[in-house]
Number of protein chains: 4
Amino acid sequence: MAADTAYRDVRGFTEELADPLSAEDQTVQSMPDVSPTKWHRAHTTWFFETFILNRYAPDYKAFDPAYSYLFNSYYESVGPRYMRSQRGCVSRPGCQDIANYRRHVDGYMLDLIERGDLDDLGIALLDLGINHEQQHQELLLMDIKHVLSMSPLESAYATPAPGRAEKDSIEGCSRTGWTGHEGGLVRIGHDGGEFAYDNEGPAHCVYLQPFELADRLVTCGEWLAFIADGGYRRPELWLAEGWDRLHANLWDAPLYWDCSDGDWALFTLAGRRRVDPDEPVCHVSYFEADAYASWAGARLPNEFEWEAVACGMLDTAVGFTGQLDDPRRVHPRVQREAEMFGGAWAWTSSAYLPYPGFRPAAGAVGEYNGKFMVNQQVLRGGSVATPLGHIRATYRNFYPPHARWAFSGVRLAKDA
Amino acid sequence: MAADTAYRDVRGFTEELADPLSAEDQTVQSMPDVSPTKWHRAHTTWFFETFILNRYAPDYKAFDPAYSYLFNSYYESVGPRYMRSQRGCVSRPGCQDIANYRRHVDGYMLDLIERGDLDDLGIALLDLGINHEQQHQELLLMDIKHVLSMSPLESAYATPAPGRAEKDSIEGCSRTGWTGHEGGLVRIGHDGGEFAYDNEGPAHCVYLQPFELADRLVTCGEWLAFIADGGYRRPELWLAEGWDRLHANLWDAPLYWDCSDGDWALFTLAGRRRVDPDEPVCHVSYFEADAYASWAGARLPNEFEWEAVACGMLDTAVGFTGQLDDPRRVHPRVQREAEMFGGAWAWTSSAYLPYPGFRPAAGAVGEYNGKFMVNQQVLRGGSVATPLGHIRATYRNFYPPHARWAFSGVRLAKDA
Amino acid sequence: MAADTAYRDVRGFTEELADPLSAEDQTVQSMPDVSPTKWHRAHTTWFFETFILNRYAPDYKAFDPAYSYLFNSYYESVGPRYMRSQRGCVSRPGCQDIANYRRHVDGYMLDLIERGDLDDLGIALLDLGINHEQQHQELLLMDIKHVLSMSPLESAYATPAPGRAEKDSIEGCSRTGWTGHEGGLVRIGHDGGEFAYDNEGPAHCVYLQPFELADRLVTCGEWLAFIADGGYRRPELWLAEGWDRLHANLWDAPLYWDCSDGDWALFTLAGRRRVDPDEPVCHVSYFEADAYASWAGARLPNEFEWEAVACGMLDTAVGFTGQLDDPRRVHPRVQREAEMFGGAWAWTSSAYLPYPGFRPAAGAVGEYNGKFMVNQQVLRGGSVATPLGHIRATYRNFYPPHARWAFSGVRLAKDA
Amino acid sequence: MAADTAYRDVRGFTEELADPLSAEDQTVQSMPDVSPTKWHRAHTTWFFETFILNRYAPDYKAFDPAYSYLFNSYYESVGPRYMRSQRGCVSRPGCQDIANYRRHVDGYMLDLIERGDLDDLGIALLDLGINHEQQHQELLLMDIKHVLSMSPLESAYATPAPGRAEKDSIEGCSRTGWTGHEGGLVRIGHDGGEFAYDNEGPAHCVYLQPFELADRLVTCGEWLAFIADGGYRRPELWLAEGWDRLHANLWDAPLYWDCSDGDWALFTLAGRRRVDPDEPVCHVSYFEADAYASWAGARLPNEFEWEAVACGMLDTAVGFTGQLDDPRRVHPRVQREAEMFGGAWAWTSSAYLPYPGFRPAAGAVGEYNGKFMVNQQVLRGGSVATPLGHIRATYRNFYPPHARWAFSGVRLAKDA
């Protein structure tokens with residue numbers, strides 16, 4: 001795709017995602033991890049302004065000098081920044097100001113791209129900025145879901161998708177199948193041809209034991225059995241810190257679930273509805289995923305096992321479907337056999353650590369990934385909220401083990 | 001004034017106050033004490049709905065049943081309520097919904113008033129609702145000031161008032177005069193003729209020692225001298241809890257003040273500007289007020305001393321001026337001699353306690369005042385943000401001693 | 001009493017109180033409000049060293065220079081101090097070191113007293129030091145009770161007193177009588193003849209409404225009726241902050257009470273035993289006291305009402321008894337008619353504020369009382385843990401309204 | 001060694017370690033991570049009582065039934081337990097009670113061992129109990145060091161070791177040498193012959209890239225250069241969470257270090273003294289270790305690299321020395337060339353995760369290790385405080401990345 005089309009597409013899609021949201025919706029920060037929609041719209045713009053326009057566009061005039069401070073997320077090398085936990089305290093600039101800011105930066109960016117003024121580094125930064133904005137598109141959806149769930153009105157972000165189609169239930173696989181792998185030396189990581197984040201490389205060898213990987217995600221029905229069997233009341237299933245979190249936060253089901261008279265419902269971006277037992281479970285923490293695996297007599301895969309199986313599947317017919325291209329789809333649908341991508345991110349047992357030989361890029365963009373490599377777990381495979389084209393077999397997502405607001409689910413593994 | 005005019009006026013004035021604010025501005029809660037503007041607009045409406053329409057309008061149809069939960073501030077008897085500290089997490093209902101809610105309730109209320117369907121209790125509740133809304137008008141201004149101060153843009157709520165007029169500085173009293181009072185038995189509290197809050201009565205006798213009361217509020221210039229003399233660094237001037245608060249919160253000046261290169265500026269609802277040494281100081285805590293009084297070799301008045309002097313002055317020419325009737329006036333102006341009302345609320349040394357014989361009203365409205373009578377200090381006299389007609393010599397405002405976001409200032413007293 | 005005898009007595013009695021406690025007992029700080037026993041023993045010594053020896057004994061050699069920092073409680077003028085909440089982190093100096101420190105200071109003090117080297121100020125400071133140490137004797141008992149309650153062993157500090165004597169139950173008044181007072185101007189406060197704390201003066205006039213005061217404290221039996229009637233579950237009885245505290249701390253009975261199979265037991269310094277319905281209730285917060293009074297259709301007295309009735313009663317036969325002179329008595333016994341002193345401190349509705357004309361003493365001892373005059377309530381009358389000779393009709397004790405570890409109880413009042 | 005000798009030795013050594021400590025020292029918990037000495041003495045005893053006597057000694061009479069609750073550390077399967085953060089609130093049982101408890105259990109245990117009544121599981125549990133107590137011996141020293149550091153007296157636990165010997169400085173290696181490793185498949189983990197913890201197995205293959213490992217720990221002199229070069233002020237060197245911790249806790253040097261007039265001193269168990277630039281640095285967090293490695297242009301080794309080099313070295317002359325066998329040695333001494341064991345634990349870049357095929361033991365002892373496998377980093381090699389005989393090349397210690405009170409240091413690695 002031409003660079004200008006790619007730029008236009010990603011920028012336009014962010015605005016499409018924000019479009020159903022009122023100014024009030026776009027302002028709220030419902031917990032410290034969440035950012036307001038208008039902040040996402042501004043921060044992705046700030047990224048292009050800071051890393052490309054400030055370097056490549058000598059005539060660039062800042063839209064507002066305060067934005068450099070307001071919309072820096074965590075880049076220490078760029079300068080001071082507004083405290084993350086207070087993003088919801090900022091009413092001004094408002095949504096219209098942010099729209100103007102986006103247009104202002106887009107004008108300069110498209111000029112730059114169309115004039116062909118970007119050198120190799122510039123083109124790499126453009127690619128990074130586009131991928132960065134895609135990442136924030138998923139964050140925007142995760143975050144607004146949390147925001148909307150805070151109101152007793154529980155109104156929807158999107159029109160509900162039509163009721164589960166016949167076809168879905170027919171094709172949905174009712175029993176987990178297991179894909180075997182003989183282990184041994186496997187090549188892991190991105191080889192650097194197309195775009196990838198720095199944390200996906202260098203490619204290197206990892207030695208695996210033989211294992212089996214489930215060919216679909218754990219379903220809500222299976223999770224209901226875990227709950228019914230006392231899954232949230234049996235300490236022997238839990239990591240010690242998970243057990244503490246469970247008590248401190250009164251976890252007794254995935255985030256957004258609630259039970260009334262024995263009926264389980266869940267809040268989705270299309271509103272509240274009954275739990276569908278065939279759908280993948282979503283919005284569980286690593287601690288819950290790990291406890292579930294213990295209960296099921298299995299374990300979580302490590303990220304290398306996952307990648308060894310997924311490698312190459314993205315191009316096949318059974319692979320990646322159901323992402324945001326379907327605009328009515330805002331919740332994972334029932335999975336078909338052998339789907340490795342989409343639906344919900346799979347928690348892995350791997351801590352998020354650098355690959356051998358990893359070096360962050362020089363300068364501020366080097367802060368993109370490396371500095372978070374502690375106290376986080378890797379997730380793989382993308383979710384229903386991941387933009388089309390933004391997922392790879394080598395893609396490493398990561399969250400702290402207690403996080404639940406991502407579209408995070410569970411895929412089991414076991415020793416062969 | 002006719003009841004319907006009074007109702008229309010107070011309802012209209014709230015909307016006028018909210019008018020300059022964007023949907024984003026009206027949504028933010030910048031700290032737990034602050035409520036979003038749209039919450040104030042809704043809660044004042046809820047008050048009429050809950051205490052009057054639900055009782056007197058048999059045909060009343062609730063605008064939205066969830067609002068009863070969402071916009072209950074603290075009335076336990078009415079039922080459960082949304083957690084106060086999370087009011088800023090609610091994006092829906094939005095500002096337009098609230099506007100519709102207000103119109104809906106206003107329609108029923110005006111019908112009720114015009115039909116004359118209210119009995120004595122109903123009329124008393126209407127009076128209470130009108131006064132309640134006036135109280136929230138001041139809160140709305142206090143709160144939005146804090147919200148706007150959180151953005152680095154620090155943009156204004158209102159057009160700045162014209163620069164201090166010559167006349168102001170000429171009339172402003174440059175030295176504090178002292179009004180003497182011989183003490184003895186004085187009658188305190190409201191006798192119940194016109195409207196007053198329950199906490200202003202019963203009227204009763206209090207025995208006072210002879211004292212003198214300053215005829216104007218402490219000025220910013222005097223406060224600058226306190227700062228320059230180490231006022232914020234000398235523990236002997238401070239109550240122990242105040243000294244702890246000072247350290248925990250790094251207080252070194254009133255809220256909204258900051259110093260750059262030796263120049264002190266302050267944030268007002270008309271934007272940031274230099275500190276005017278002749279204006280009353282504002283946005284100080286009780287702890288600061290008390291420390292200042294110690295430094296000045298004086299003390300704070302108790303609420304009875306204040307009332308003994310103020311009693312009757314509200315009607316006089318030197319009394320109450322400069323309140324919200326002047327729409328450009330959003331910060332205390334330079335005071336003239338012997339002003340007891342307006343400008344900034346005066347902290348008193350009196351803890352907020354019931355008067356002898358005080359009984360809260362029966363039912364939920366009895367929760368209005370009485371249940372807060374602990375760990376608060378009384379303030380007297382109103383401020384620039386107090387609506388015209390909402391102040392009395394017997395009026396008892398109250399805040400915890402560490403609060404600074406009210407328009408609170410200092411008036412000194414001393415033993416005769 | 002001769003000064004040296006008084007000094008010897010008070011110093012010896014502290015050591016007697018500490019005597020049943022092991023080194024381990026004396027080291028623990030079970031919550032931030034509690035101080036370790038060995039800290040009390042050291043701090044009372046530090047008081048004499050700092051305010052008397054350092055001024056009047058030119059040849060005085062500090063026992064250890066670090067103690068001046070370690071055992072300063074809150075005197076800012078004396079210099080920096082060890083953080084209060086960390087007193088339980090200090091294992092050294094140990095109990096034996098503190099015993100040596102006490103002997104070291106006692107030697108110098110008795111020399112000074114016996115040589116007659118103290119001027120009027122010195123004698124006043126000696127009196128203050130002796131009263132200060134008596135105050136800490138009660139704190140020592142309050143604190144060690146909390147410490148011992150933390151161990152599941154719940155072992156006793158003292159041998160239990162013999163079972164309630166026949167005589168007790170015979171003399172105990174089973175119904176509350178009410179003492180009437182016609183109100184009007186009453187003289188309040190200490191006139192300065194004998195020793196009193198600075199906060200008890202100046203004596204001054206207060207105007208009271210007619211009222212009645214209960215002639216005994218509320219009993220455990222009455223409290224059980226309050227619990228049974230939902231006292232801890234009815235928000236309409238509670239101050240708002242009290243209701244929040246109740247929920248945050250899961251209060252459902254006085255501190256040290258627990259219920260098993262419908263039987264209420266309580267922990268005393270003589271061990272755990274059943275609740276005796278005729279004994280005064282003890283270890284309740286102001287919030288509980290106030291809620292109880294609302295439930296009982298009465299109110300708490302203000303401190304002036306209490307003093308107006310108690311004034312002069314200390315010398316009479318029905319007055320002060322049962323304090324620490326009886327070494328087996330560590331819990332309030334059943335009261336006789338018209339006892340105003342001892343048993344449990346009575347919470348009053350008065351906030352702890354300065355009397356008109358109050359001026360703290362110059363210098364560091366001026367920090368004794370005045371700087372705590374905010375966010376506290378006054379208690380009157382002394383408790384079973386108050387040393388004999390340390391109580392007066394004008395004595396003003398004070399705690400924050402949520403405190404429960406003092407021997408605090410309830411005496412009702414009502415409007416005449 | 002015969003089982004009874006091994007038992008006697010480890011039990012006796014704990015008491016030797018506690019011997020220099022007063023009852024007060026043994027009672028304090030100076031932060032939530034720290035346990036009181038007397039708790040360590042009791043908990044190690046509880047371990048034998050709970051897992052061996054309760055199963056194998058039918059005639060066993062519990063010393064005190066409350067101890068089962070009081071001295072359970074974290075074994076959910078055994079029953080409820082006293083809250084960890086409150087261990088310092090328990091004064092009773094005291095040190096003498098604990099000594100009696102130890103003797104009581106020792107009597108039964110030695111009977112059991114000498115009678116040969118233990119089956120294979122029993123012998124394995126005995127081995128586990130002995131190793132468990134050795135682990136607590138190091139914890140006891142770590143903890144009491146923190147406790148003693150809290151007192152301004154800063155008195156010593158042990159007599160200082162004699163000043164650094166001539167021989168030390170001659171043999172100490174002044175420059176880091178690097179041991180190369182060609183990478184490839186290496187065998188990692190314990191094969192199960194002798195005792196090892198469950199987390200050291202199963203043995204398995206790991207594929208390594210070529211690397212070099214420093215032949216000694218980073219020294220204090222090198223750390224001083226890091227400080228002098230702004231190591232604690234340069235965000236680009238730090239993990240994001242580390243940078244936040246640094247600011248929240250005001251880290252500017254290792255724990256126990258302080259600077260006065262440019263001279264750096266540190267607190268050791270032998271008292272406060274100057275920093276010796278040739279000694280290994282100790283008491284740094286993972287975050288500091290990682291930042292230092294970045295600054296030095298190197299990285300931390302992963303745990304497999306460390307083990308690949310250390311494997312087999314424990315038996316050689318240059319290996320393990322200087323541990324607790326020298327009773328005057330309570331701080332890491334200057335290292336000789338190629339020392340891999342002792343001194344200070346080396347932080348590795350490996351998160352603490354299960355080895356492939358890891359299964360915790362059945363029952364409560366299965367809670368020993370596995371349930372902590374999240375949010376922790378592995379440390380290798382033992383420290384000066386590790387008991388002789390308690391270290392192995394496969395030994396995996398672990399702490400959260402912010403922990404600093406362990407004897408934790410830094411060994412660098414780099415890619416070949």
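Is D261(B) buried or exposed? D261(B) is exposed, with a relative accessible area of 79%; the cut-offs here are under 20% relative accessible area for buried, over 50% for exposed, and partly exposed in between, with a 1.4 Å probe and protein chains only. D261(B) sits in the loop between β5 (257–260) and β6 (263–268) of chain B, where helices (H or I, at least four residues) and strands (E, at least two) are DSSP runs numbered from the N terminus. Its backbone is worth a look too: phi of D261(B) is near 55°, a positive value in a residue other than glycine.

Before going further, some ground rules. This is a predicted model, so to speak of local features takes pLDDT of at least 70, and side-chain atom pairs count only at pLDDT 80 or more, while totals for chains, interfaces and linings use all residues. L250(D) is not a glycine, yet it has a positive phi of about 55°. L250(D) belongs to the loop between α8 (240–249) and β5 (257–260) of chain D, and at 69% relative accessibility it counts as exposed. For another backbone feature, go to chain B, where a cis peptide bond joins R92(B) and P93(B), with omega about 5°. P93(B) lies in the loop between α3 (67–70) and α4 (95–115) of chain B. Chain C has a cis peptide bond between R92(C) and P93(C), again with omega about 5°, and P93(C) is in the loop between α3 (67–70) and α4 (95–115) of chain C.

Now for how the chains meet. The contact between chain A and chain D takes 30 residues from chain A and 30 residues from chain D, contact meaning heavy atoms within 4.5 Å. The two chains bury about 2300 Å² between them, 60% of it on carbon and sulfur atoms; buried area is the accessible area (1.4 Å probe) that two parts lose on being put together, summed over both. Y207(A), V374(A) and N375(A) supply 23% of the area that chain A buries against chain D, more than any other three residues.

What about polar pairs across this interface? The rule finds eight residue pairs in polar contact there, both residues at pLDDT 80 or more. A polar contact is a pair of N or O atoms within 3.5 Å; within protein, one must be able to donate a hydrogen and the other to accept it, and residues adjacent in sequence count only if both atoms are side-chain atoms. On the side of chain A that touches chain D, the elements giving two or more residues are β3 (204–208), α8 (240–249), α9 (286–295) and β8 (345–351) of chain A. By class, that side has 17 nonpolar, eight polar and five charged residues. Here Ala, Val, Leu, Ile, Met, Phe, Trp, Tyr, Cys and Pro count as nonpolar, Asp, Glu, Lys and Arg as charged, and the others, Gly among them, as polar.

The rule also finds two salt bridges across the interface of chain A and chain D, a salt bridge being a side-chain nitrogen of Lys or Arg within 4 Å of a carboxyl oxygen of Asp or Glu. D415(A) forms a salt bridge with R359(D), and the closest N and O atoms are 3.4 Å apart.

Then there is the symmetry. A rotation of 180° with 0.0 Å of shift along its axis superposes chain A on chain D, with an RMSD of 0.0 Å; copies are superposed by least squares on the C-alpha atoms of residues with pLDDT of at least 70 in both. In chain A, the C-alpha nearest the axis is that of N375(A), 2.4 Å from it. Since 100% of the interface residues of chain A are also interface residues in chain D, the copies meet through the same surface.

Over all chains, a search of the whole structure finds 112 salt bridges. One of them is between E133(A) and R102(A), whose side chains meet at 2.8 Å, N to O. E133(A) lies in helix α5 (residues 120–149) and R102(A) in helix α4 (residues 95–115) of chain A, so the pair ties together parts that are 31 residues apart in sequence. Both E133(A) and R102(A) are buried. The two are also part of a network of salt bridges that links R11(A), E15(A), R41(A), R102(A), D106(A) and E133(A).

Finally, take R41(D), in helix α2 (residues 37–56) of chain D. At 5% relative accessibility, R41(D) counts as buried. Its side chain and that of Q26(D) are joined by a polar contact of 2.8 Å. Leaving out residues up to four places away in sequence, R41(D) touches T14(D), E15(D), A18(D), Q26(D), C95(D), I98(D), A99(D) and R102(D).

Technical notes
Residues are numbered from 1 along each chain as its sequence is written. Chains are lettered from A and ligands numbered from 1 in the order in which they are written. Side-chain values use heavy atoms; hydrogens and water are left out.
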